[in-house]
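Hi,

Here is the model I promised to pass on.

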Amino acid sequence: MLPALAHRSRVKPLRDWTLRARLIASLVSLLVVLCLAIGLFTEIALQHFLMGRLDDQLSAQGSRQNFAGRLNPGGGASGVGASGVGAGTFVCSAASTDGLLPPGSEINTIGMRICADGSVSSRILEQNGYLATRAQVSQGAITALSAVAPDAKPHTVTVPGYGDYRVAARRTPEGDTFITGLPLNSVRATLLNLTAVITAVTVIGLVLAALLGAFIVRLALRPLRRVTATASKVADMSLDAGEVALAVRVTDANPHTEVGQVGVALNRMLENVSDALNARHRSETRVRQFVADASHELRTPLASIRGYAELTRRSRDQAPPDIAHAMNRVESEANRMTSMVEDLLLLARLDAGRPLAREEVDLSRLIVDVISDAHAAGPDHNWHLDLGEETVAVQGDPARLQQVLVNILANARTHTPAGTNVWTSLTEQGNLAIIQMRDDGPGIPPSLMPEIFERFSRGEESRSRVAGSTGLGLAIVAAVVAAHGGQIAVRSRPGETIFTVTLPMHGYRQASSQSPASSTGHVLQV
């Protein structure tokens with residue numbers, strides 16, 4: 001019971017079938033119905049024909065039987081017999097069996113005569129080796145045959161011990177009844193053989209039709225497979241950023257067919273999408289160029305503002321307190337704006353694909369330095385460091401990799417309350433260096449997670465904001481990591497936020513005798 005239910009549960013519903021499977025199944029189903037209809041009609045027609053022919057034989061057999069029986073009913077010659085019956089007088093007796101099976105009767109033919117006085121004579125022609133012999137009919141068969149109405153019409157009767165027969169009974173003017181029965185075995189055998197032949201031909205035809213139909217359907221759906229392949233190629237392309245070369249098209253799209261019309265429509269859609277993507281790329285390029293140019297041009301006036309503010313602060317003449325406070329604010333805001341301009345300029349350079357510096361970077365030493373700086377910038381946080389006993393190094397830009405670590409730790413310091421624990425670990429897996437930074441702060445809002453690495457994305461809902469933020473820090477982190485061929489991932493929940501940076505090591509590895517962690521132990525807590 002359970003295996004049957006499990007088997008039924010594995011059968012796909014019709015809505016999940018492919019178009020090719022549906023077409024083949026529909027073709028085979030139509031052929032099955034057609035073959036069943038043809039077979040049923042053939043069986044009925046043949047049965048009607050065979051029964052009609054058998055009824056004609058039955059009628060001819062009955063006529064011969066009646067003629068032969070009336071010609072010699074009493075078993076003797078015509079004229080005056082020993083009983084004193086005169087010539088021309090018909091005498092019926094149970095002892096007379098002449099005429100019941102006239103010459104030409106088929107094997108298993110039954111002949112029976114019921115005289116007017118109720119006496120019965122019967123015979124059946126049986127096959128005995130190479131000879132045909134006449135045998136007495138059983139009493140059960142006589143009873144079944146006697147019940148047939150003497151209307152000279154064919155009736156189908158089941159004769160006990162002999163099977164189904166086609167029987168006709170005729171009453172003579174003298175009151176005698178002649179009954180003739182022909183077996184239905186030949187008709188049934190012919191119909192059974194025809195059924196077997198039709199079934200075999202139908203099965204073979206359905207198998208051949210299914211195979212040929214599968215080939216024809218596969219050939220007919222070849223244009224649709226080209227449309228699907230083109231759509232799959234477009235679906236696998238990265239269309240979200242950069243210049244997209246959308247050159248794939250559906251080949252040999254015939255507009256005179258339904259599938260060809262789909263291919264033509266898909267080609268038109270791809271043309272429109274390609275034009276839209278090119279327009280978007282040109283717009284993004286102009287925006288990036290504007291940001292880069294603006295950032296570059298802003299560096300000079302910002303440097304001037306900072307210089308004049310610093311010059312005012314270093315002047316011999318003591319400025320009034322309000323003027324001194326204002327100049328300090330100008331210098332502070334100029335420094336913040338300079339930092340934002342530098343970040344924008346860095347992103348513009350990364351977007352333009354400018355190569356970064358490539359040299360050997362000792363990540364272990366770099367992480368120790370960054371954690372030390374983070375402790376100095378955020379003494380109210382608890383900073384933990386976990387390094388392995390071997391130095392881990394990668395090929396990359398040391399300044400940019402340091403900026404990655406600084407930005408992530410600054411993000412943890414800025415958006416978590418005092419007393420938060422921040423753990424930083426460095427491990428290697430195969431040919432990858434994995435840096436993981438985890439804190440037990442309030443976590444990142446779920447609504448912010450999809451766009452946390454987008455530019456100007458800020459988390460202000462659940463994390464406290466104690467300092468200003470441009471929203472570019474994590475965007476720079478993602479861009480720099482991608483430029484190094486690595487990946488960055490984040491997962492967060494209340495009480496835990498984990499940033500994971502994965503960088504390729506390019507096979508570099510050395511002993512830890514000079515490791516910065518060798519003097520502090522396996523776990524360093526600052």
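Of the 44 residues in the largest nonpolar core, Leu363 and Ile408 touch the most other members. By core I mean buried Ala, Val, Leu, Ile, Met, Phe, Trp, Tyr and Cys residues joined through side-chain atoms within 4.5 Å, with buried being under 20% relative accessible area (1.4 Å probe, protein chains only). Helix α8 (residues 363-377) gives this core its largest share, 7 residues; helices (H or I, at least four residues) and strands (E, at least two) are DSSP runs, numbered from the N terminus.

A caveat: this is a predicted model, so local features need pLDDT of at least 70 and side-chain atom pairs count only at pLDDT 80 or more, while totals for chains, interfaces and linings use all residues. Residues are numbered from 1 along each chain as its sequence is written, and side-chain values use heavy atoms, with hydrogens and water left out.

Now the strands, which I call paired if DSSP finds at least two bridges between them. β12 (residues 487-493) and β13 (residues 496-504) run antiparallel over 7 bridges, and Val490 stands opposite Phe499 in β13. In their hairpin, with 2 residues between the strands, Gly495 takes a positive phi near 100°.

There's also an open sheet of 6 strands with antiparallel pairing, ordered β3-β2-β1-β6-β5-β4. β3 (131-135) and β4 (155-159) are at the edges with a single partner strand each, so one side of each has no neighbour in the sheet. Within the sheet, β1 (residues 110-114) and β6 (residues 177-183) pair in the antiparallel sense over 5 bridges, and Arg113 stands opposite Phe178 in β6.

Cheers

Technical notes
Buried < 20%, exposed > 50% of the residue type's maximum accessible area, 1.4 Å probe, protein only.
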